[in-house]
Amino acid sequence: MNADLAKLVELQKTDSRIRQLKKNIETADERRAAIEQEFEEHASSIREIQNRKKEASDTKAHIEAGIAEAKTSLERANRNLTTAKDQKQYEAAMREIDTLNKQISKGETDALETMETIDEVDGVLNERAEEIASLDSDWKTKLADFEAELESEKRELAELTGSRGHVFEVVSPRLASVYNRLIDRSRDGIAVAEVTDGACSACFMALRKQMIVQLRTTPEIITCESCTRILYIPEDLEQGVAGGEA
């Protein structure tokens, strides 16, 4: 690989990284929102469980208040029964006692079912206690890591953008012009493409064997016949081929 081509290969790697960094920075708000959404969904699932416990506890308290009220009424009905002066009063007291006993029995059954729900929810909350306790700190840590990574990417972008111009000072003007033209018209930002398995890695078009030979044996700049990108074979593969031929 000639010196100019080697410089363009490194420039392409730099430009690809710059392209990725710009994309990361441009989409930072979306990625931050995705992190927030992930934690909100996580927190929401926990709040749902906690709300189930609160609702069950409120229901239990309401049922117990109803049972207490019914028992008070039952005591009064029993007094009415003992002080009944005629058959009509006696029968009315008996009907009320029967109704209240049924109400109390149903209330106690409902309270027991509600307690089972509370115990079940408590079990889930106990299993996830560590997760619940660390949820807020985990969220802050992940967001802080994201912000730190974003700042690092911004610094790297500034450094790479500042250094890429030096390559054009040492590469031939003709190649620099070709490179810039290819970059400008390429949607994927690729001007220099590696040859992989006998094909251009940019457009995936298989290369003629003669082109592969030229890439391995001549210092000339060779472009893909399909997409016109500048082609190269990595030096380690060239050395491997040379060693095999030797």
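User: Which residues of α7 are buried?

Analyst: The buried residues of α7 are Met211, Ile212 and Leu215, where buried means under 20% relative accessible area, exposed means over 50%, and partly exposed lies in between, with a 1.4 Å probe and protein chains only. Helices (H or I, at least four residues) and strands (E, at least two) are DSSP runs, numbered from the N terminus. This is a predicted model, in which local features need pLDDT of at least 70 and side-chain atom pairs count only at pLDDT 80 or more, while totals for chains, interfaces and linings use all residues. Residues are numbered from 1 along each chain as its sequence is written, and side-chain values use heavy atoms, with hydrogens and water left out.

User: Back to those buried ones in α7, what arc do they cover around the axis?

Analyst: Met211, Ile212 and Leu215 cover an arc of only 100 degrees, so they sit on the same side of α7; the arc is taken from the directions from the helix axis to the C-beta atoms. The face turned away from that buried side carries the exposed residues Lys209 and Thr217.

User: OK, new topic: what's the strand order in the open sheet?

Analyst: The three strands of the open sheet are ordered β2-β1-β3, with mixed pairing, and two strands count as paired if DSSP finds at least two bridges between them. Because β2 and β3 (230-232) stand at the edges with a single partner strand each, one side of each has no neighbour in the sheet.

User: And how many bridges join β1 and β3?

Analyst: β1 and β3 pair over three bridges, in the parallel sense, and Val192 stands opposite Ile230 in β3.

User: Which loop holds Asp197, and is it buried or exposed?

Analyst: Asp197 is in the loop between β1 (192-196) and β2 (199-200), and it is exposed, with a relative accessible area of 79%. Although Asp197 is not a glycine, it has a positive phi of about 50 degrees.

User: Are Cys200 and Cys203 buried or partly exposed?

Analyst: Cys200 is buried, with a relative accessible area of 1%, whereas Cys203 is partly exposed at 26%.
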